Amino acid sequence: MRKIGPILTIVFFAAGIVIAFFAGDYMSDQSYIENRAEQFDKYISFAIDTAEDKGLSVDGASESIASNLWVAHEFCDNPEISAELNDLWNTLVYDEDVFVGQEDRLTMNLRDILERYK
């Protein structure tokens with residue numbers, strides 16, 4: 001009967017180590033996911049600000065917006081939103097005239113993407 005106490009202590013100690021390991025791994029994963037979401041928000045916000053402040057008629061503005069969209073695409077974990085960002089990026093890179101003069105439509109699309117991602 002006296003041997004059960006030390007054995008239970010060892011079992012509880014080992015269980016505590018295993019639980020702490022998995023809790024740390026889970027917390028690390030959650031931190032990684034939150035960091036990716038923050039980066040996504042940051043780059044989409046940069047693209048929105050550039051479109052509102054400069055428009056697409058200013059030299060380099062469309063490249064800046066396209067660059068921010070591509071980086072946001074890389075941080076996006078939602079396949080549907082990622083595909084939309086890819087389509088917007090392709091439009092800005094290959095057919096930028098589509099959004100010239102219609103920056104409001106572009107910012108509206110980006111705000112919609114930002115809201116759906118949250």
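Me: Why is Gln 30 called partly exposed?

Reply: In this predicted model, Gln 30 has a relative accessible area of 30%. Buried would need under 20% and exposed over 50%, so Gln 30 falls in between and is called partly exposed. You will find Gln 30 in helix H1.

Me: Where does Gln 30 stand relative to Tyr 117?

Reply: The two are 87 residues apart along the chain, and their C-alpha atoms are separated by 16 Å. Tyr 117 is one of the buried residues of H4.

Me: What makes one face of H4 the buried one?

Reply: Start with the buried residues themselves: Glu 103, Leu 106, Thr 107, Leu 110, Ile 113, Leu 114 and Tyr 117. Looking down the axis of H4, they fall within an arc of 120°, so they line one face of the helix. The face turned away from that side carries the exposed residues Asp 104, Met 108 and Glu 115.

Me: What do the buried residues of H4 pack against?

Reply: They pack against three helices: H1 (4-53), H2 (61-75) and H3 (79-94).

Me: Why is Thr 107 called buried?

Reply: Its relative accessible area is 7%. The cut-off for buried is under 20%, so Thr 107 qualifies. Thr 107 is found in helix H4. Setting aside neighbours within four places in sequence, Thr 107 is in contact with Ile 48, Ala 51 and Glu 52.

Me: What makes Arg 36 and Asp 77 a salt bridge?

Reply: Their closest N and O atoms are 2.9 Å apart. The rule asks for a side-chain nitrogen of Lys or Arg within 4 Å of a carboxyl oxygen of Asp or Glu, so this pair counts as a salt bridge. Arg 36 lies in helix H1 and Asp 77 in the loop between H2 and H3, so the pair ties together parts that are 41 residues apart in sequence. By this rule the count comes to 4 salt bridges.

Me: Are Arg 36 and Asp 77 buried or partly exposed, and why?

Reply: Arg 36 has a relative accessible area of 14%, which is under 20%, so Arg 36 is buried. Asp 77 has 45%, which lies between the 20% and 50% limits, so Asp 77 is partly exposed.

Me: What makes Glu 84, Asp 112 and Arg 116 one network?

Reply: Take the pairs one at a time. Glu 84 forms a salt bridge with Arg 116, with the closest N and O atoms 2.6 Å apart. That pair links distant parts of the chain, as Glu 84 is in helix H3 and Arg 116 in helix H4, 32 residues apart. Arg 116 also meets Asp 112 in a salt bridge, at 3.2 Å from N to O. Arg 116 and Asp 112 both lie in helix H4, 4 residues apart, about one turn of the helix. Salt bridges that share partners join Glu 84, Asp 112 and Arg 116 into one network.

Me: Why are these residues called partly exposed?

Reply: Glu 84 has 28% relative accessibility, Arg 116 has a relative accessible area of 37%, and Asp 112 has 39%. Each value lies between the 20% and 50% limits, so each residue counts as partly exposed.

How values were computed: Residues numbered from 1 in each chain as written. Predicted model: local features only at pLDDT ≥ 70, side-chain atom pairs only at ≥ 80, totals over all residues. Heavy atoms only, no water. Buried < 20%, exposed > 50% of the residue type's maximum accessible area, 1.4 Å probe, protein only. Helix = DSSP H or I, 4+ residues; strand = E, 2+ residues; numbered from the N terminus. Arc of directions from axis to C-beta. Contact = heavy atoms within 4.5 Å.
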